Amino acid sequence: MCNAIILKGLLELKDVNTGKITEKNNTKAVYWFQQAANQNNAQATNHLGVMYANGLGVGKDLHQAFILYRHAAEQGDPMAAYNVAQRYVRGESVSPDLVQAFQWYLFSAERGYAGAMYQTTINYYEGKGVVADLTLAKYWAMKGTEAGDTDCMRMLAWYYYNASGYETERDHERAFELFDKVWQALPDDAYSLYRIAEMLYQGINGQRQDRVRAFELFKRLVTMGDIFSHYYLGCIYYDDNNAYIDGKDIQKALVHFKQAAEHGDHLAQFNAGNILFYGEHGERDIKNGLKYFELSAKNNYSVAREKLASIYFD
């Protein structure tokens, strides 16, 4: 009976033709959620909390929303537990408390809510509200990935990509697979696409190098506003062995290195310095060449520091 009442409330929220939430039926939705909540249905109580939190069909009341979330969470509703955790993080109608937030995230994650699995991963990774534990962070990233959460997939891909300190062997094949899965689900996810392009450019575990595809992906990333893809485009245009883009083009390489350099990429700064200082693009520009070498050196790039020392020593 309760499930039928919840369904009635959900249907009142949505236009029967478009399936989208509408304003006109919010009051009816609140009524039906309240009826189910009165019968101690945790899911309905959580939905009612959402209505109060957003002022849908009822006056906005964050305190009442928190009470409803907490009541539903104590009845075992994972989404409500997640909502309680979010209020402790934000300090909405309750004092901020990262320990309480973590406990409710974990409660929600243990009951199968994928979004909470990601937050649990992050909290273990960063030590927020709990002692940092990279093994448990990876465990929850894996659980979230199994549940289909793209944030957890991205995090797990990073573990396999980076490996250092995570008690995980580096596995670029697995990382590539996961980044690609995230990108297929979220075509605008620049981070995952960047890692895919990077691994294609460098070769995954020394194999499957595909610089033609990497070149196309880096160009796409630049149109998406990704600054650091300029570095790789610079490398491609600078490369002597790039017949796949019709040969070396120092001018284009310099343009891309400068773009990345301006946003702090130490390798791009060094490469721009080399082109300018030695006049590879035309006339030597010693002043600006030194400027880029110094930027790279200030970014702790030892090769740039050695280069400056040798220049000034001579």
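This is a predicted model: local features need pLDDT of at least 70, side-chain atom pairs count only at pLDDT 80 or more; totals for chains, interfaces and linings use all residues.
Leaving out neighbours within four places in sequence, Ile311 is in contact with Phe277, Leu290 and Phe293. This residue belongs to helix H17, which covers residues 302–313. Ile311 and Leu290 stand 21 residues apart along the chain, and their C-alpha atoms are separated by 9.2 Å.

## The chain as a whole

The protein chain contains 17 helices and zero strands. It has 314 residues, of which 46% count as buried. Among contacts with a separation of 6 or more, 44% are between residues 24 or more positions apart.

## The cores

In soluble globular proteins, nonpolar side chains tend to be buried together. The largest nonpolar core of this model has 77 residues. Within this core, Trp104, Phe218 and Phe257 touch the most other members. Apart from its neighbours within four places in sequence, Trp104 is in contact with Arg70, Ala73, Glu74, Ala81, Val84, Ala85 and Tyr88. Another core, of eight residues, lies apart from the largest one. Its members include Phe270, Phe293, Tyr301 and Leu308. Phe293 is also one of the residues that Ile311 contacts.

| Helix pair | Angle between axes | Distance between axes |
|---|---|---|
| H10 (residues 172–185) and H12 (residues 211–223) | about 45° | 16 Å |
| H13 (residues 229–238) and H15 (residues 266–277) | about 35° | 10 Å |
| H15 and H16 | about 160° | 7 Å |

For H10 and H12, the angle is about 45°. That makes H10 oblique to H12. H10 passes H12 in a left-handed crossing. Where the two helices meet, Phe176, Asp180 and Trp183 come from H10, and Arg213, Leu217 and Arg220 come from H12. Sorted by class, the residues of this contact are three nonpolar, no polar and three charged.

H13 and H15 also have a left-handed crossing. On the H13 side, the meeting residues are Tyr231, Cys235 and Tyr238, while H15 supplies Leu267, Ala268, Asn271 and Ile275. Six residues of this contact are nonpolar, one is polar and none is charged.

How do H15 and H16 run relative to each other, roughly parallel or roughly antiparallel? Their angle is about 160°, and angles over 145 degrees count as roughly antiparallel. H15 and H16 are therefore roughly antiparallel to each other. Their crossing is left-handed. From H15, the residues in the contact are His266, Gln269, Phe270, Ala272, Gly273, Asn274, Leu276 and Phe277. From H16, they are Ile286, Asn288, Gly289, Leu290, Tyr292, Phe293, Leu295 and Ser296. This contact has nine nonpolar, seven polar and no charged residues.

The contact of H15 with H16 connects to the opening of this report. Phe277 in H15 meets H16, and Leu290 and Phe293 are among the H16 residues that meet H15. Phe277, Leu290 and Phe293 are also contacts of Ile311, which is found in H17.

## Residues in loops

Most residues other than glycine have a negative phi, and most peptide bonds are trans. Asn40 sits in the loop between helix H2 (26–37) and helix H3 (42–54). Its relative accessible area is 51%. Exposed means over 50%, so Asn40 is exposed.

Asn300 also has a positive phi, of about 70°, although it is not a glycine. The loop that holds Asn300 lies between helix H16 (286–298) and H17. Asn300 counts as exposed, at 58% relative accessibility.

Gln209 is found in the loop between helix H11 (190–202) and H12. Is Gln209 exposed or partly exposed? With a relative accessibility of 48%, Gln209 counts as partly exposed. Not counting residues up to four places away in sequence, Gln209 touches Leu200, Tyr201, Gln202 and Gly203. Gln209 and Met199 are ten residues apart in sequence, and the distance between their C-alpha atoms is 7.7 Å.

Technical notes:
Residues are numbered from 1 along each chain as its sequence is written. Side-chain values use heavy atoms; hydrogens and water are left out. A nonpolar core is a set of buried Ala, Val, Leu, Ile, Met, Phe, Trp, Tyr and Cys residues joined through side-chain atoms within 4.5 Å. Buried means under 20% relative accessible area, exposed over 50%, partly exposed in between (1.4 Å probe, protein chains only). Contact means heavy atoms within 4.5 Å. Axes are lines fitted to C-alpha atoms, for helices over the stretch in contact, and angles run from 0 to 180 degrees between N-to-C directions. Helices (H or I, at least four residues) and strands (E, at least two) are DSSP runs, numbered from the N terminus. Angles under 35 degrees count as roughly parallel, over 145 as roughly antiparallel, 65 to 115 as roughly perpendicular and the rest as oblique. A crossing is left-handed if the near helix is turned anticlockwise from the far one by less than a right angle, and right-handed if clockwise. Ala, Val, Leu, Ile, Met, Phe, Trp, Tyr, Cys and Pro count as nonpolar, Asp, Glu, Lys and Arg as charged, and the others, Gly among them, as polar.
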